[in-house]
Amino acid sequence: MTQNTAGTKDMTVLVTGATGRTGSRVAEAARAAGLTVRAGSRSQGTRFDWADRSTWADALRGADAAYLAHPTDVGSPDATEAVGALAREAVGLGVRRLVLLSSRGEERAHATEEALRTSGADWTVVRAAWFAQNFSEGPLVEGLVHGELVFPAGEVQEPFIDVRDIADVVVAALASGDRYIGQELALSGPRLLTFRDAVAEISKATGSELRYVPVTARQYGDILAGFGVPPQEVELLVEIFEGLLDGRNAHLSDGVQRVLGHEPRDFTDFAREAAAAGTWKA
Ligand SMILES: NC(=O)c1ccc[n+]([C@@H]2O[C@H](COP(=O)([O-])OP(=O)(O)OC[C@H]3O[C@@H](n4cnc5c(N)ncnc54)[C@H](OP(=O)(O)O)[C@@H]3O)[C@@H](O)[C@H]2O)c1
């Protein structure tokens with residue numbers, strides 16, 4: 001590794017989930033900071049499949065660091081096993097600097113974090129609040145395009161975080177030498193909103209009437225099952241929603257401010273930008 005003109009480490013980083021919500025932004029922010037990016041996914045760039053261990057070594061070998069975003073919930077048993085195994089393999093190949101995307105307030109995720117911590121890696125855990133981009137990329141978009149969000153969040157408050165802030169924190173942590181090694185960084189947006197507030201913000205940004213329809217976690221599970229989500233995954237999601245959306249996360253965290261030295265992006269700006277890009281147009 002050498003020091004480049006921006007003062008960041010000239011390192012090669014494997015970004016897993018590089019076609020996904022956080023990975024695509026981590027790759028973009030890392031390139032902008034002068035890091036060399038291996039964009040890992042099953043479909044393009046560097047071939048990397050969490051479910052196929054034979055793809056791991058080639059993706060890791062010669063890299064200095066990796067960003068780990070497991071595609072199923074970070075608290076799932078699959079994630080715990082895969083993150084531990086990948087971290088141990090990475091350390092064995094000399095890729096010691098690992099940053100894991102985890103979830104704020106999710107007890108189940110602690111086992112996955114522990115699997116990373118005990119791997120021998122120079123680790124950082126980024127515990128993120130709910131993504132603002134859950135409303136603009138992924139399964140919630142469809143409902144909003146058709147005028148409503150059905151979701152098991154009652155009137156609970158959540159400080160939605162823009163995934164671009166997560167990416168900036170990940171890259172700053174990678175580029176800061178030892179500073180954030182062995183740390184858990186809790187990240188949230190700048191203010192608390194209910195899901196009803198979030199839908200109202202999107203409604204204001206799009207100019208179309210949108211409804212928020214709260215349901216129970218079990219009812220939501222039945223809806224997911226109706227869409228063909230496998231029963232085991234439904235059960236896990238019901239458990240996660242019942243746990244995460246009970247008010248335990250209705251507080252702010254200051255990781256963005258601590259690492260980046262400025263306020264996180266606001267939900268209103270996210271909604272305005274996503275609406276301008278035509279995200280919720282039928
Ligand atoms: N959503 C939230 O609010 C939130 C909050 C905190 C933490 N998290 C955590 O965020 C993680 C997900 O991150 P994300 O939302 O950035 O991801 P994402 O948008 O769901 O994308 C995952 C990407 O991973 C790739 N992928 C899927 N299956 C794969 C496999 N078997 N092997 C390799 N790549 C695979 C897919 O790309 P290809 O198809 O191209 O391979 C996809 O683009 C989860 O662990 C979740 O617990 C989420």
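For sorting residues by class, Ala, Val, Leu, Ile, Met, Phe, Trp, Tyr, Cys and Pro count as nonpolar, Asp, Glu, Lys and Arg as charged, and the others, Gly among them, as polar. The exercises concern a predicted model, in which local features need pLDDT of at least 70 and side-chain atom pairs count only at pLDDT 80 or more, while totals for chains, interfaces and linings use all residues. Residues are numbered from 1 along each chain as its sequence is written, and side-chain values use heavy atoms, with hydrogens and water left out.

**Exercise 1. Describe the shell around the ligand by class and by element.**

Step 1. Sorted by class, the shell holds nine nonpolar, eleven polar and four charged residues.

Step 2. Of the 24 residues around the ligand, those that come nearest are Thr19, Arg21, Thr22, Ser43 and His70, where a residue is near a molecule if one of its heavy atoms lies within 4 Å of it.

Step 3. Turning to polar contacts (pairs of N or O atoms within 3.5 Å; within protein, one must be able to donate a hydrogen and the other to accept it, and residues adjacent in sequence count only if both atoms are side-chain atoms), a polar backbone atom of Gly20 is 3.1 Å from an oxygen atom of the ligand. An oxygen atom of the ligand also lies 3.1 Å from a polar side-chain atom of Ser41, and a polar backbone atom of Trp50 is 2.8 Å from a nitrogen atom of the ligand.

Step 4. Of the 920 Å² of accessible area that the ligand has on its own, the protein covers 83%; accessible areas come from the Shrake-Rupley method with a 1.4 Å probe, and for residues only the protein chains shown count as cover.

Step 5. Helix H1 (21–32) and strand S7 (97–103) are the elements that give two or more residues to this shell, and the largest share, three residues, comes from S7. Helices (H or I, at least four residues) and strands (E, at least two) are DSSP runs, numbered from the N terminus.

**Exercise 2. Follow strand S7 to helix H4, using Leu100 and Thr112.**

Step 1. Leu100 is found in strand S7, whereas Thr112 is found in helix H4 (residues 109–117).

Step 2. Leu100 counts as buried because its relative accessible area is 1%, and Thr112 because its value is 0%, buried being under 20%, exposed over 50% and partly exposed in between (1.4 Å probe, protein chains only).

Step 3. Contact means heavy atoms within 4.5 Å; leaving aside residues up to four places away in sequence, Leu100 touches residues including Val83, Thr112, Glu113 and Leu116. With its neighbours within four places likewise set aside, Thr112 is in contact with Val74, Gly75, Ser76, Ala79, Thr80, Val83 and Leu100.

Step 4. Leu100 and Glu113, 13 residues apart in sequence, have C-alpha atoms 7.6 Å apart in space.
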